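Q: Could you walk me through this structure? I would like to begin with a single residue and then move on to the ligand.

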Amino acid sequence: MSTIFSKILSGEIPSDTVYEDEQCIAFRDINPVAPTHVLVIPRKEIPRLDQMKIEDEALVGHLMRVATLVAKQEGLEDFRLLVNNGAGAGQTVFHLHLHVIGGRPVAWPPG
Ligand code: AMP
C-alpha cells in the first residue's frame, strides 16, 4: 500500500529535499521536533523495519550512512537516529524512514 512518502518520491507532493541518490532520498520533516529533523527514506517501499529482507541489508546500511552524511551537511556533531517500528512505537507513515534529529540536546530515555 502506497503512502504519502511514495508521493514525495514520485514528485506528486513537494518536499524540502536535502539529499538524494539512486537508492534513497532525505527531506526535512514537515513537523520538526528539533532544529534539524530530516527523514531518510529508501526508494524501495518497505513498510516497516521488521519487514526488511536479507537482501535489504545493504540498503538499510546505506540509509544509515546517508543519515551520517546529512548530519554532517547540517553541521551536526551529535544527533539521534531513530526508527519507529509499528503504530505502538509511534510509526504513522508505513514506509521505512530514519529520523535524523539534532541541533538541540535530546533527552534519554525517549518518551
Ligand atoms: P513516524 O511517526 O515515525 O511514522 O514519522 C513520520 C514522520 O513523517 C512524522 O514526523 C511526520 O511529521 C512526517 N511527515 C508526514 N508527512 C510529511 C510530509 N509530507 N513531508 C515531510 N514530512 C512528513
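**A conversation about the model**

A: Gln91 has a relative accessible area of 5%, so this residue is buried. Please keep in mind that the model is predicted.

Q: Where is the place of Gln91?
A: Gln91 is found in the loop between strand 4 and strand 5.

Q: And how far apart are Gln91 and Arg48?
A: In sequence, 43 residues separate Gln91 and Arg48, and in space their C-alpha atoms are 8.6 Å apart.

Q: What about Lys72 and Arg48, then?
A: Lys72 and Arg48 are 24 residues apart in sequence, and the distance from C-alpha to C-alpha is 26 Å.

Q: Is Lys72 buried or exposed?
A: Lys72 counts as exposed, because its relative accessibility is 68% and the cut-off for exposed is over 50%. This residue belongs to helix 2, which covers residues 57-73.

Q: Now the ligand, please. How many residues surround the ligand?
A: The ligand is surrounded by 16 residues. The closest are Asp29, Asn84, Gly90, Thr92 and His99.

Q: What classes are in the shell around the ligand?
A: The shell holds seven nonpolar residues, seven polar residues and two charged residues.

Q: Which atoms of Thr92 and the ligand are involved at 2.7 Å?
A: A backbone N or O atom of Thr92 is 2.7 Å from an oxygen atom of the ligand. With Ile30, a backbone N or O atom lies 3.1 Å from a nitrogen atom of the ligand. With His97, an N or O atom in the side chain is 2.9 Å from an oxygen atom of the ligand.

Q: How much of the ligand does the protein bury?
A: Taken alone, the ligand exposes 500 Å², and the protein buries 85% of that area.

Q: Which pocket is the space taken by the ligand?
A: The ligand takes up the space of the largest pocket.

Q: Which elements give two or more residues to the shell around the ligand?
A: Those elements are helix 1 (4-10) and strand 2 (24-28). Helix 1 gives the most, with three residues.

Q: Staying with helix 1, is Ser6 buried or exposed?
A: Ser6 lies in helix 1. Its relative accessible area is 14%, so Ser6 is buried, given that buried means under 20%. Ser6 and Ile41 are 35 residues apart in sequence, and their C-alpha atoms are 9.9 Å apart in space.

Q: A new topic: what polar contact does the side chain of Thr36 make?
A: The side chain of Thr36 makes a polar contact with the side chain of Glu74, at 3.4 Å. Thr36 is part of strand 3, residues 36-42.

Q: Why does Thr36 count as buried?
A: Thr36 counts as buried because its relative accessibility is 6%.

Q: And where is Leu82 found?
A: Leu82 is in strand 4, which spans residues 80-82. At 23% relative accessibility, Leu82 counts as partly exposed. Leu82 and Val100 are 18 residues apart in sequence and 6.8 Å apart in space, from C-alpha to C-alpha.

Q: One last thing: what is the peptide bond from Trp108 to Pro109?
A: That peptide bond, from Trp108 to Pro109, is cis, with omega near 0°. In general, most peptide bonds are trans. Pro109 itself lies in the segment after strand 5 (98-102).

Technical notes: Residues numbered from 1 in each chain as written. Predicted model: local features only at pLDDT ≥ 70, side-chain atom pairs only at ≥ 80, totals over all residues. Heavy atoms only, no water. Near = heavy atom within 4 Å. Polar contact = N/O pair within 3.5 Å; in protein donor to acceptor, adjacent residues only side chain to side chain. Areas by Shrake-Rupley, 256 points an atom, 1.4 Å probe, with all protein chains shown as cover. 1 Å grid on protein atoms, 1.4 Å probe; cavity = no way out; pocket = protein on both sides within 12 Å on 5 of 7 lines; lining within 4 Å. Sits in = over half its atoms within 2 Å of the grid points. Helix = DSSP H or I, 4+ residues; strand = E, 2+ residues; numbered from the N terminus. Nonpolar A, V, L, I, M, F, W, Y, C, P; charged D, E, K, R; others polar. Buried < 20%, exposed > 50% of the residue type's maximum accessible area, 1.4 Å probe, protein only.
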